[in-house]
Amino acid sequence: MFSTKWIPASVAGAAILSFAPVAQAQQGGMDQVINETVAPVSNVIAGAIFYSVSFGDVEFPLIVGWLVLAASIFTLYFGFVQFRKFGHAISLVKGDYSDPNDAGEVSHFQALATALSGTVGLGNIAGVAVAISIGGPGATFWMILAGLLGMASKFTECTLGVKFRNEYADGRISGGPMYYLSKGLKEQGKPGLGRVLAVVFSVCCIGGAVGGGNMFQANQAFQQIVNVTGGEQSFFAGNGWLFGLVMAAIVGMVIIGGIKSIAKVTEKIVPFMAVIYVISGLVIIGMNLDHAGDAIYRIFNGAFTGAGVAGGMVGALIQGFKRAAFSNEAGIGSAAIAHSAVRTKEPITEGYVALLEPFIDTVVICTMTAIVITISGELQTDLTGVALTSAAYATAFSWFPIVLALAVVLFAFSTMLSWSYYGLKAWTYLFGEGKGKETVFKAFFCLCVIIGASMNLGPVIDFSDAMIFAMALPNVVGLYFLMPVVKREAAQYWQKIERGEIKRVK
Amino acid sequence: MSDHPILVGFDGTDAAHRAVEFAGSRAEAIGCPVHIAYILEWSPYSFLSAQELEERHQRRTEELSRAEATLSPALDILRKRDIPVTYEVRYGHSGELMCQIAQEKQASQIVIGRKGGSGLGARLLGSLALTLVQAAPLPVTVVP
């Protein structure tokens, strides 16, 4: 059921490589109308953000280089903080330094878990499969490298998120790039630039929320449902708007209606799904230990030779870098919003905790997906996207596609809830708080669920990628200005530890 | 006379008030103070949504003041009988924290109430009494 009917997913692969609009004439009626209205707009936006330079026959989007360059600069500037302080990050998450009197406040673990739930999702399942079906197993190597470098970006932005957050009189906390860009740069005597960057970030964040955080998720969840219910014969096929309507109604009940029970159930199931996914992956790798060596050889060999891959080594590198950035969102700024609510007197501690996020997301989960796919031998087929991951896991467990279908829908739903919050924060930064204004955004967010489910995958992916990556432009510029602040924070924190002012409590 | 207080576990229910009454009588007889602990069940490893993270500090403040309000009638009962009483409201795992507080306050014994009921649900959920009876390092009285 998951084999040859996965046309939309392979179209996704082609779209990611070429960034060209992909016309796909198999939908009609309502879907077609929505598609024809939105696609031209998203094509213009995607074309601008993904301005590419050519390396031989491969296009290299500059925005991906922008993120990897930033991550490399932060890695060097902070002296490989992601390796030196990895152990300290684990202690912080375990609560070794948490004041017992702060019980009942947001812990480091909770901030990390919430931020992770916004990033772990389709990028880890579908994105990785797309990367290695185009870039070969070697793309995995570059993905891991980008993940490791990205840890330094996350460290920088999440420290600033806590440092410059707003704490309101009623006890609520609001943080994120829009606050550190405006407040941080004001401190440095550049209030105008800070304000402009914050506004640009907020606009892009709203776009990213409805794009990658919403339409892409709705679209992928819909494709899954169509395939599970019988592919082209399915009642849902060509009726994406109907699925979108149902999904939008459920999202609306949670974010507008405030029905917490739906969100609660999802939050309980999603980590469980993630654990099943990781354990199944480890079991498959364990069962095929004799092939694991070969898979690792192909990952390293492919990374530098690019054997059998369009564009060779550069092709593998681009795919790896691009999917890592899309999956762990390091340098994008989104995670800083979730991390900033933690209870701590030392902003730098949340930076250390946050650097675990790309590690878990990319270095562990994405890599495992890549190894399973490489071991399974399904890479020789012309599958891609979720279908490839699904087929790879099915070689070991025949029941896995059904679990994966459920996981995809739930991941999509929880990612939508996370991004509806990120988008709302950007919205209220621009337009101010107020029930009426907030409801306008939430209603718009729900409308985009319907649009996302109705559109072809090509334009949806282009638009989603474009808006999410666009957030990195103002964010990274701000991070360059503010990285000395993070360095000072780190210096005074370690002085306090040396002087014994901050002690382990466990 | 003794300085070692009787520790009472409190959660605002009728059973908890019965436990306070009982501890009061014992304290009068022994001539010792009473320490009431109100524990709000909490794990730093539970999952919260981004919205809940934002509001957590606000909610915690509300929860603490609500707990204090619930405690005041129980405190009044003891104060009217001239029994020295102290209290604390804390977040955490109720079984572990009760044992920890008992040690911190050098309590002589623990008194808790139980809701009763013989259903399976009550047996599975009413685990504080079971935990303490099993694990507490000092005598435990369960008031029905």
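Helices here are DSSP runs of H or I with at least four residues and strands are runs of E with at least two, numbered from the N terminus. Angles go from 0 to 180 degrees between N-to-C directions, with axes as lines fitted to C-alpha atoms, for helices over the stretch in contact.

This is a predicted model, where local features need pLDDT of at least 70 and side-chain atom pairs count only at pLDDT 80 or more, while totals for chains, interfaces and linings use all residues. Residues are numbered from 1 along each chain as its sequence is written, and chains are lettered from A and ligands numbered from 1 in the order in which they are written.

The chain B sheet is open, with five strands in the order β3-β2-β1-β4-β5 and parallel pairing; strands pair if DSSP finds at least two bridges between them. β3(B) and β5(B) (140–143) sit at the edges with a single partner strand each, so one side of each has no neighbour in the sheet. From one strand to the next, the twist averages 25°. Five bridges tie β1(B) (residues 6–10) to β2(B) (residues 34–41), and B:Phe10 stands opposite B:Tyr38 of β2(B). α2(B) packs on the sheet too, touching β1, β2 and β3 of chain B.

Here are the helix angles side by side:

| Helix | Partner | Angle |
|---|---|---|
| α2(B) | β3(B) | about 155° |
| α7(A) | α14(A) | about 170° |

Where do the chains meet? The contact takes 24 residues from chain A and 21 residues from chain B, with residues in contact if their C-beta atoms, placed from the backbone, lie within 7 Å. On chain B's side, α2(B) (50–80) gives the largest share, 10 residues.

Over in chain A, α7(A) (residues 122–135) and α14(A) (residues 312–328) pack with their axes 9 Å apart. They are therefore roughly antiparallel, a label for angles over 145 degrees. Residues making this contact include A:Gly127 and A:Ala131 of α7(A), and A:Gly320 and A:Phe326 of α14(A).

Helix α9(A) (residues 177–187) has eight of its 11 residues buried, so the rest of the structure largely encloses it. Buried means 20 or more other C-beta atoms within 10 Å of the residue's own, with C-beta atoms placed from the backbone. Among the buried ones are A:Met178, A:Tyr179 and A:Leu185. After α9(A) comes A:Gly189, with a positive phi near 80°.

Notes
Two residues are in contact if their C-beta atoms, placed from the backbone, lie within 7 Å. Angles under 35 degrees count as roughly parallel, over 145 as roughly antiparallel, 65 to 115 as roughly perpendicular and the rest as oblique. A residue is buried if 20 or more other C-beta atoms lie within 10 Å of its own, exposed if 12 or fewer, and partly exposed in between; C-beta atoms are placed from the backbone.
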